[in-house]
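Subject: Structure handover and notes

Dear colleague,

Please find the structure below, followed by my notes on what was found in it. I would be grateful if you read them with the model open beside you.

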Amino acid sequence: MTEQTIIPNKIRIVYGLMLFLAMLLITFCLRWQVVEAGRFRQAAATRERNPVIHSLRGTIYAADGTTLAYSERTYDVFVYMPELDFAEEKGLQTRREFCTKLAPHLDTSSEALCEKVESQHSEGSEWIQVAKSIPVTKRNEILALRRDKDVALEAEKQGGLQGYFFQATSKRLYPEGRLASHIIGLTNMNEYQELAGFGGIEGAWDGYLEPIAGFIQGETDALGNANSLATDKTIEAKRGNSIYLTLDKNLQQISEARAKWATSEFQALSASIVIMDPKTGEILALANYPDYDPNLREEKEVEAYSNQAITDAYEIGSVGKVFSLAAAIDSGSVTPDTVVIQGHNGCEWIHEDLDEVCTHDHLPQPPLPISEAFALSDNIYFLRMAELMEREHPGAFYDYLKKFGIGNYSGVDMQGEWTGFLKDWQQWNIADVAAYSYGHSYQANVVQIASGLSAIANNGVRAQPHIVHKVVDNEGEVTEFKPQAVAEVVKPETTAQIDAMMNNIYQNNIFWWEWYYDDLRAYPIGMKSGTALIPNKNGTGYSNEINATYIGYDQSPDRKFVMVTRIEEPQVGDLAGQNSRILWLETFREIKDYLGMTPQ
Amino acid sequence: MDLNNLQGKIIATTNRHLLMICVFLFVAYIFAQFIILSGIGTKGADISAARATQEELRLENEVLQSEIDGARTTANLDAQVDQLGLGYTPIDRIVVDYAPGTLLSSIP
């Protein structure tokens, strides 16, 4: 064998060895990546961890920055049977040790805990809920539990108890209890087992209040530690936005106390009070009784949960005469001194197919200027005034009612508003003109009435009623909602004339024997009453029950407030002047100093 | 013949060099993997610990925020007034300003 033969042989051996190694490599690669790919893919999937990062629902604050609703982190505790069994098999802990150590933190006994775990596991459950909504402090106590087996080890080497898991939940708290419960609303689990808002601000602003969950995308190794070579991504959770209301808690407390008092005093079904700033449309107070405590949910009647100031649209009665008169004056059909008819007999027929229209007292009246008819709340004078307006300016009355907010949703930013129907002008008949003139046949809720009245108080401009002042997101960015003019309803000259007539009503509505209201006479207030029969629920016609409404507003240059009171089905007093007026005056007495009103 | 011998020697030398380079690269690759894996790949526990700390801080932040919100209530303010022995002074007139962050003030 020559040298030339030996060298190629060595090379052949090396090549052969390398070829063998390469074939071996290819075979194993084929085995791991093709034949057993499924098993490894499954194993790899178990290493992927995408834990969700939870956050909390946003907070609701009153105008003074105090908290009306907020959330706290809580946890549900689950026992995971496979991990519990694994720990026992490996001799890390015993079942008795697990139950004995965990039970005191769950406010149960060791035997009860073990029994629950055993019985549910025997039914086939792997995840067993053993506690609900525990606070963070209890969670931390449970996390600090150590195994008996490791007691001899140094603290940092001791292993924690195994077999339980926490699921993050939250608890919604309303620290002011019943205060402003209808405004705030409440939260509950929806059909997707997620916390959602219902009613009020919680419902209307649910999208802003709800948190946005984050998650961590990554892989773990066999020990459960993060795989540092794998790509991972963290998307942080975002807490829900915070909402600041225009609500004044002091005015709210006074209003709620008065609404409750009125319901009892006048033996009524319910009472509502709305106080609004006419210049901005901000709702300063909105009270209903009956009410509820959102922390307790103890009330069983549906009515207690209903924000009747916005959900109940009803025939408003003679308070609507304010809108009719303003429309007639502003359209030029009448002035306060116009005498539209030469008196009446207390009742009048307007059409042979219709019942006669009567005043509340059925008393005949001589020829009167419309300003005096307004003071007497005379239905006949008003229907004739409306007929005159329709003849001279067809469709104008409809337009004015629409601009006052009648027949449209007010758009107030709370969930649950309902409004009434205003017939399209082209379909009006003589009965509609008559009824609309004295505030019947169309329906409005208390906030709508306050909004319409605010146009009179605010030089003819109606501002958008709202209760949310600003929204602050989790990064501190503020979105403030500025006052918005909805409509220029009437001219300032018209409101000045209405001011004088409503002030005249106020002065004459504090009677000479009501010495306890003497101090209130000096305040610049405009006022009007409204009493309307409630339609029968099951048929045509009207029942004997009434809705008693009183509206009034500050006529000082500051124009600090408008206030509307409504009492539903009072059993004391047949007219609003005998119940709702008292509620209005009593509430005004309590809020006038707080609002800084000065007598003239 | 001499030329063939020379060629053969050159090829043999080149092959030996290439083989040595391959072996060297292979060994270097193995060592590099060891270094990288031991440097970065063993940090999994540290990363998990950092994430756990992050989670605890996040939770602590939530707890503190909830405590702050819980403290901003009338009941808590009343309790603070009682605890500090303060009293409410009678106020004749209050001017209410609804601008954000504005406090109520009394006007004599």
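A word on accessibility comes before anything else: a residue is called buried under 20% relative accessible area, exposed over 50%, and partly exposed in between, with a 1.4 Å probe and protein chains only. By that scale A:Ser441 is partly exposed, with a relative accessible area of 33%.

This is a predicted model, in which local features need pLDDT of at least 70 and side-chain atom pairs count only at pLDDT 80 or more, while totals for chains, interfaces and linings use all residues. Residues are numbered from 1 along each chain as its sequence is written, chains are lettered from A and ligands numbered from 1 in the order in which they are written, and side-chain values use heavy atoms, with hydrogens and water left out.

Backbone points to check

A:Ser441 sits in the loop between α17 (430–437) and β17 (443–444) of chain A, where helices (H or I, at least four residues) and strands (E, at least two) are DSSP runs numbered from the N terminus. Its phi is near 75°, a positive value in a residue other than glycine. A:His362 also has a positive phi, near 60°; this residue belongs to the loop between β16 (357–358) and α14 (370–376) of chain A, and at 47% relative accessibility A:His362 counts as partly exposed. Most residues other than glycine have a negative phi, and most peptide bonds are trans.

A covered strand in chain A

Strand β24 (residues 562–568) of chain A is mostly covered, since seven of its seven residues are buried. A:Val562, A:Val564, A:Arg566 and A:Glu568 point one way from β24(A), whereas A:Met563, A:Thr565 and A:Ile567 point the other way. In a regular strand the side chains alternate between the two faces of the sheet. Two strands are said to pair if DSSP finds at least two bridges between them. Strand β12 (residues 270–276) of chain A pairs with β24(A) in the antiparallel sense over seven bridges, and A:Val274 stands opposite A:Val564 in β24(A). Strand β23 (residues 542–554) of chain A pairs with β24(A), also antiparallel and over seven bridges, with A:Ala548 opposite A:Ile567.

Salt bridges

A salt bridge here is a side-chain nitrogen of Lys or Arg within 4 Å of a carboxyl oxygen of Asp or Glu, and a search of the whole structure finds 33 of them over all chains. One of them joins A:Arg57 and A:Glu202, whose closest N and O atoms are 2.9 Å apart. A:Arg57 lies in the loop between β2 (52–53) and β3 (60–61) of chain A and A:Glu202 in helix α8 (residues 200–204) of chain A, so the pair ties together parts that are 145 residues apart in sequence; A:Arg57 and A:Glu202 are buried.

Another salt bridge links A:Arg258 with A:Glu586, at 4.0 Å between the closest N and O atoms. Because A:Arg258 lies in helix α10 (residues 249–265) and A:Glu586 in helix α20 (residues 580–591) of chain A, this pair ties together parts that are 328 residues apart in sequence. A:Arg258 counts as buried at 16% relative accessibility, and A:Glu586 counts as buried at 15%. A network of salt bridges links A:Arg258, A:Asp519, A:Glu586, A:Arg589 and A:Glu590.

Chain B and its interface

Chain B has three helices and two strands, in the pattern α-α-α-β-β along the sequence, and of its 108 residues 10% count as buried. Its contact with chain A, meaning heavy atoms within 4.5 Å, takes 35 residues from chain B and 48 residues from chain A. Across this interface the rule finds four salt bridges, and the side chains of B:Arg58 and A:Glu236 meet in a salt bridge (3.2 Å, N to O). The elements that give two or more residues to the side of chain B that touches chain A are α1 (2–39), α2 (44–71) and α3 (74–83) of chain B, and α2(B) gives the most, with 15 residues.

With best wishes
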